[in-house]
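Me: I am new to this one. Please take me through it in short questions and answers.

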Amino acid sequence: MNLVIVESPSKAKTINKYLGRNYEVMASFGHVRDLPAKDGSVDPEDDFKMLWEVDSKAAKRLSDIANAAKNAEKIILATDPDREGEAISWHVLEVLKTKRVLKGKSVERVVFNAITKAAILDAMKNPRQIDEALVDSYLARRALDYLVGFNLSPVLWRKLPGARSAGRVQSVALRLVCDRELEIESFVPQEYWSLVAHLKTKAGAPFLARLVGADGKRIARLDIGSGSEAEAFKRALENARFTVARVEARPAKRHPAAPFTTSTLEQEASRKLGFAPARTMVIAQRLYEGADLGGETVGLITYMRTDGVDVAPEAIAAARRVIEKEYGPRYVPDAPRRYTAKAKNAQEAHEAIRPTDMSLLPANVRRHLERDEARLYELIWTRAVASQMESADLERTTADIVAEAGGRKIDLRATGQVIRFDGFLKLYQEGKDDEEDEDSLRLPPMAAGDPLTKEKIDATQHFTEPPPRFTEATLVKRMEELGIGRPSTYASTLAVLKDRKYVRLENKRLFPEDKGRVVTAFLESFFTRYVGYDFTAGLEEQLDNVSNHEIDWKEVLRHFWADFSSALAATKDLRTAQVLDSLNELLAPHIFPPKEDGSNPRTCPSCGTGQLSLKLGKYGAFIGCSNYPECTYTRTLANGEGNGEGNGAKVLGIDPDTGEEITLRHGRFGAYVQLGEGEKPKRSSIPKPLSADELTFEQALGLLSLPRQVAVHPETKQPIVAAIGRFGPYVQHGKTYANIGKDENILEIGGNRAVDLIVAKETSPRRFGKESASRELGEHPEGGMVTIKSGRYGPYVNWGKINATLPRDADPANVTLEEALGLLTAKRESGAERVLGEHPDGGEILVRNGRYGPYVSLGKVNATLKDGFTPETLTLEEAIRLIDDKKGAAPKGKRGPAKGKAKSAARAGKAAPAAKAATKSARKAKRA
């Protein structure tokens, strides 16, 4: 029997069918060891020695694998073909070595780019050993991430209350988002005007021509900067005579894009399907691991973590056959297309992402897949097939027009484009971000010298716009262009930024939160080099060189640590005043925007004499007055646009009923509107799809009027009201609550829709019947499935060993993954229960919050935390000492029989005098 070890159980199931009875395939369920989150896991003083700890969830799985290995003739490590897959194989092998189950056994490493029978059997015929250079690259990355995160995060905690963490790649990605926001805030719009003539040919066909020059001089887009200039040109054109000066038609070609890499797949799935990068990778993983197609399980796509764009020759040949069969021979180019990666630092170690079988058309597999799986498969299939199709033939036409008016010659130009042969465009056209469609309408026939008829002249005012905020797709694209991160890290990096509340996603755009901006400003001030784009990209290149056998991994660590440790030491004596001065300077455009009247934006609006400055409090940063405590003025950072008036709030209008101001404010939990001031003013959060940046006075009035009656129940005649709860907007009838859809506006929901929601909820099965006892919501950003379940005390969400109860007004049927992640994060941060690790004698040690304070637990042994210990900072070694001290106070096995019997009798309600006496004697003996 040969033992094959993979990461995923679904992958194991598929491969097991291909290999037959002489093989047993087992899954490790991902990584099995990691660096424990404690001091000394990576020791720079001991040549960067790394201490690994077996994950508590993986311990049993590793024991099962070790038992299977004892009876196996050969161990075959078949994890994924990338660096992380190589690391998992190495970790499993190291654990098996410590368990001493490999004596006399052959160990092989096999890799395959697709989970198909042919690919698996071919891999088994071509085994190799563990790639030590690839493992070294993994070790270097893991050590660097630990050294940065474990040493830099405590600096943030001390200097910036409310900050969560910093990371080697995460902090640089956050800087990209914050720098873009700073560009937007610093942007000064420039006025410009465009002039467009609506003309007709002598045959009466209409077209448009734009002003491009006058009196022999070229006029660029921004050259007409005032309305008076535009009006002068318009008057001249109104009285001009128009003639065609020249017509030029030029052929052009448009070539297909390369097949997908990880980053381009994440970008295109975001544009076309609306998937977040993490969602894209979860679905792609399922397609890679296989689907049941009519009784046969087969992997549908090749490995999805890659920066390569090359495709195997047999796959190219298959694509050409499909193109000829489905679209005809004209759509097949004379020679196969070959692509090379344009991304910085691309290694191209694997093929591009493509279907394993080009002949599996999306229409033929759709019925075997879930909706989102089918949509992503179709996107991958069309991109891969289109990449081997013939180019599109275009014709671009330019017509130069002369307008003669009062001795002046004014130049205009009309452009058009027509597709002569669609080529690959018949199947696929790549999406774009933040760009206008370059294709224009076809121009009507005309010739040089033809007179033209004027219909009207338009003069339109415009203002230049700041660069757009990043979407998840464009941020991934920018990271790839700069060489920051790698295919396996893009999705997880974005997930961490959102999980840490450093950024928020609004209308598919990434907005930096104040917390994120403060962290970035701090790192730019005191760790400038380590959030530099070039430095991070250069470090990634060095790590790639490690995997190519070009440099020793410990040499990279030594060079990095020498400078980084000095930067850390320099912050030890850093005073709060120095930190605040640097942050005030860097964040000035955001927190102290210029006032329209030109006055000092840092003057306190309350006392008039103090200076506003950034302050650090228990819950993070805020703006306060230098005259504190005499002046208690404060506001949040996000209210810079309010010019400091009204306690930092933006006034939207005056309530017609009360005469009080309605203001837009930002708090710990996001934006909200407030009516007046006072001790308990009325407030309302701003639910989706409303945006705080675009909120109107009428919308604010509507939010503050909630709850409002929207209908009467058709049977009970009781009111149905619309309101906003902790988990968003809902409608309510008595004790029945129904959440409204994410895209539905609580202010616009009508009576019919409200009745439909309530009736559907009231007539549906119980909140948790047998058919819905458990529902999968999706993958957690840190791995593992998030599910919603029914419990003895009501519904709850579960992830691993963390359970979070749903609030009363939440509908389990409508809870989303995003809401569930919020509940789980809150539960985890509350410290209700945390696994510290394994006790040397066996069993998990947990730290918990109890009725009388925090304690550590091992089975039935509980030990209260002593003074000086906190649940957040408690280490495994300290917990073991507390447990052992507790066990030593009442050693197991030394309890007297008389005491044991007395306890049993007491529990049974039969505590006889003899038993009581025995108990008393035992207590005396113990004191002695």
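Reply: Helices (DSSP runs of H or I, at least four residues) and strands (runs of E, at least two) are numbered from the N terminus. This is a predicted model: local features need pLDDT of at least 70, side-chain atom pairs count only at pLDDT 80 or more, and totals for chains, interfaces and linings use all residues. Residues are numbered from 1 along each chain as its sequence is written, and side-chain values use heavy atoms, leaving out hydrogens and water.

Me: What volume does the largest cavity have?

Reply: A cavity is a set of points on a 1 Å grid over the protein atoms alone where a 1.4 Å probe fits but cannot get out; lining residues have an atom within 4 Å of a point. Grid points are joined across faces, edges and corners, and a volume is the space filled by probe spheres set on the points. The whole structure holds five cavities of 30 Å³ or more. The volume of the largest cavity is about 120 Å³.

Me: Which helix gives the largest share of the lining of the largest cavity?

Reply: The lining has 14 residues, with Val148, Gly167, Arg168, Tyr530 and Val531 nearest the centre of the cavity. Helices H5 (132–159), H16 (533–547) and H17 (553–570) each supply at least two lining residues. The largest share, three residues, comes from H16.

Me: How many residues of that lining are charged?

Reply: Ala, Val, Leu, Ile, Met, Phe, Trp, Tyr, Cys and Pro count as nonpolar, Asp, Glu, Lys and Arg as charged, and the others, Gly among them, as polar. Ten lining residues are nonpolar and three are polar. The number of charged residues is one.

Me: Is Glu540 buried or exposed?

Reply: Buried means under 20% relative accessible area, exposed over 50%, and partly exposed in between (1.4 Å probe, protein chains only). Arg141 has 6% relative accessibility, so Arg141 is buried. Glu540 has 1%, and therefore Glu540 also counts as buried.

Me: Which residues are linked with Arg141 in a network of salt bridges?

Reply: The structure holds 50 salt bridges. Some of them join up around Arg141. The residues linked with Arg141 are Asp145, Arg168, Glu540 and Asp544.

Me: How many residues apart are Glu86 and Arg128?

Reply: Glu86 forms a salt bridge with Arg128, with the closest N and O atoms 2.9 Å apart. The pair links distant parts of the chain: Glu86 is in helix H3 (residues 83–98), while Arg128 is in the loop between helix H4 (117–125) and H5. Glu86 is buried at 0% relative accessibility, whereas Arg128 is partly exposed at 30%. The separation is 42 residues.

Me: How far apart are the end C-alpha atoms of helix H15?

Reply: The expected span of a helix is 1.5 Å times one less than its number of residues. H15 has 13 residues (514–526), so the helix should span 18 Å. The end C-alpha atoms agree with that, at 18 Å.

Me: Which residue is the bridge partner of Arg708 in strand S28?

Reply: Two strands pair if DSSP finds at least two bridges between them. Strands S27 (residues 708–712) and S28 (residues 719–725) run antiparallel and are joined by four. They form a hairpin with six residues between them, and Lys717 in the turn has a positive phi of about 65°. The bridge partner of Arg708 is Ala722.

Me: What is omega for the peptide bond from Leu706 to Pro707?

Reply: Pro707 sits in the loop between helix H20 (697–704) and S27. The bond from Leu706 to Pro707 is cis. Its omega is near 0°.

Me: What is phi of Phe48?

Reply: Phe48 lies in the loop between strand S4 (42–43) and strand S5 (49–50). Phe48 has 4% relative accessibility, so this residue counts as buried. Phi is positive, in a residue other than glycine, and is near 60°.

How values were computed
On a 1 Å grid over the protein atoms alone, a cavity is a set of points where a 1.4 Å probe fits but cannot get out, and a pocket is an open set with protein on both sides within 12 Å along at least five of seven lines; lining residues have an atom within 4 Å of a point. A salt bridge is a side-chain nitrogen of Lys or Arg within 4 Å of a carboxyl oxygen of Asp or Glu.
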